[in-house]
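Thank you all for coming; please bring up the structure on your screens, and I will talk us through some pockets and some helix contacts.

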Amino acid sequence: MLGAIAGDLVGSRFEARPTKSKDFELITPQCRITDDSVLSLAVAQSLMDDIPYAQNLKAFFHRYPRAGYGGNFMLWAASGDSEPYYSFGNGSAMRVSPVGWYLDTEEEVLREAEKSAAVTHNHPEGIKGAQAVALTVFRARKKEGKQAIRQEIEARFGYDLSRSLEEIRPGYSFDVTCQGSVPEALITFLQAQSFEDAIRNAVSLGGDSDTQACISGSIAEAFYQGVPAEIREAVFRALDSFLSDILQR
């Protein structure tokens, strides 16, 4: 959870001003949490308190209406209708990391990831993106090696994770689809040397930086077993007491 929010925080200032470099100041006054963090914490609270996902996602939207949500999500969250809208956007993947931390078997993780996605993102690609991220977090948390993780995710979900960042980066641009952003976010983790390096890799693609860094950071925290103290402190400074309390729990 810390890793996901840290990635969102770092990546937030590059979403409208992408960079292809890894050489940047990590935390600046322009960094802020966005919908990635808000909705990840909504999912976490739903898991802990058994609150239906649709109900809680809407509640958090109304509590934090200016967090930078996607247009379709805003229409759904502001409406009285809770029917999903068949999205394959990466919103399902950006908010799913709590599922990989909270549950204790692969079957539970996959089932709950689908459930958390399907309230909005009931397209097969939207569900697949969420399941891939949650399962990667789960396997990293269980101390599996990167090669084993890569092989499992490729085999189960059909993603090509063999590409290098050097191959991807030059032609890559902003892409909010699961199929066009989740595999690349997973690669930024797989080719990282540390937690911070995973975040820098994600931002340096020049794409949907806050979401891809959120995904990469969520996995990197699990794999590297923590978040550096100065980044952890920045996360808690960025959260209000309501969100901080959920994260602490």
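This is a predicted model: local features need pLDDT of at least 70, side-chain atom pairs count only at pLDDT 80 or more; totals for chains, interfaces and linings use all residues.

The second largest pocket is lined by 15 residues, and those nearest its centre are Met1, Ile246, Leu247, Gln248 and Arg249. By pocket I mean, on a 1 Å grid over the protein atoms alone, an open set of points where a 1.4 Å probe fits, with protein on both sides within 12 Å along at least five of seven lines, and a lining residue has an atom within 4 Å of a point. Residues are numbered from 1 along each chain as its sequence is written, and side-chain values use heavy atoms, with hydrogens and water left out.

The volume of this second largest pocket is about 240 Å³, where a volume is the space filled by probe spheres set on the grid points, which are joined across faces, edges and corners. Two or more lining residues come from each of H2, helix H6 (97-102), helix H14 (229-238) and helix H15 (241-248), helices being DSSP runs of H or I with at least four residues, numbered from the N terminus. Its lining divides into 11 nonpolar, 1 polar and 3 charged residues; here Ala, Val, Leu, Ile, Met, Phe, Trp, Tyr, Cys and Pro count as nonpolar, Asp, Glu, Lys and Arg as charged, and the others, Gly among them, as polar.

Turning to the largest pocket, its volume is about 350 Å³, and of the 26 residues that line it, Asp35, Tyr69, Gly70, Asn90 and Gly91 lie nearest the centre. Helix H2 (35-49), helix H4 (71-78), helix H5 (91-94) and H13 each give at least two residues to this lining, which divides into 8 nonpolar, 11 polar and 7 charged residues.

Helix H12 (residues 195-204) and helix H13 (residues 209-224) have axes 8 Å apart and pack at an angle of about 160°, the axes being lines fitted to C-alpha atoms over the stretch in contact, with angles from 0 to 180 degrees between N-to-C directions. H12 is therefore roughly antiparallel to H13, given that angles over 145 degrees count as roughly antiparallel, under 35 as roughly parallel, 65 to 115 as roughly perpendicular and the rest as oblique. On the H12 side the contact, meaning heavy atoms within 4.5 Å, is made by Phe195, Ala198, Ile199, Ala202 and Val203, and among the partners in H13 are Gln212, Ser216 and Ala220. The residues of this contact divide into 8 nonpolar, 4 polar and 1 charged.

How do the axes of helix H11 (residues 178-190) and H13 cross, and within what distance do they come? They come within 8 Å and cross at roughly 40°, and H11 and H13 are therefore oblique to each other. In this contact Ser181, Val182, Glu184, Ala185, Leu186, Thr188 and Phe189 of H11 meet Gln212, Ile215, Ser216, Ile219, Ala220 and Phe223 of H13, and by class there are 8 nonpolar, 4 polar and 1 charged residues.
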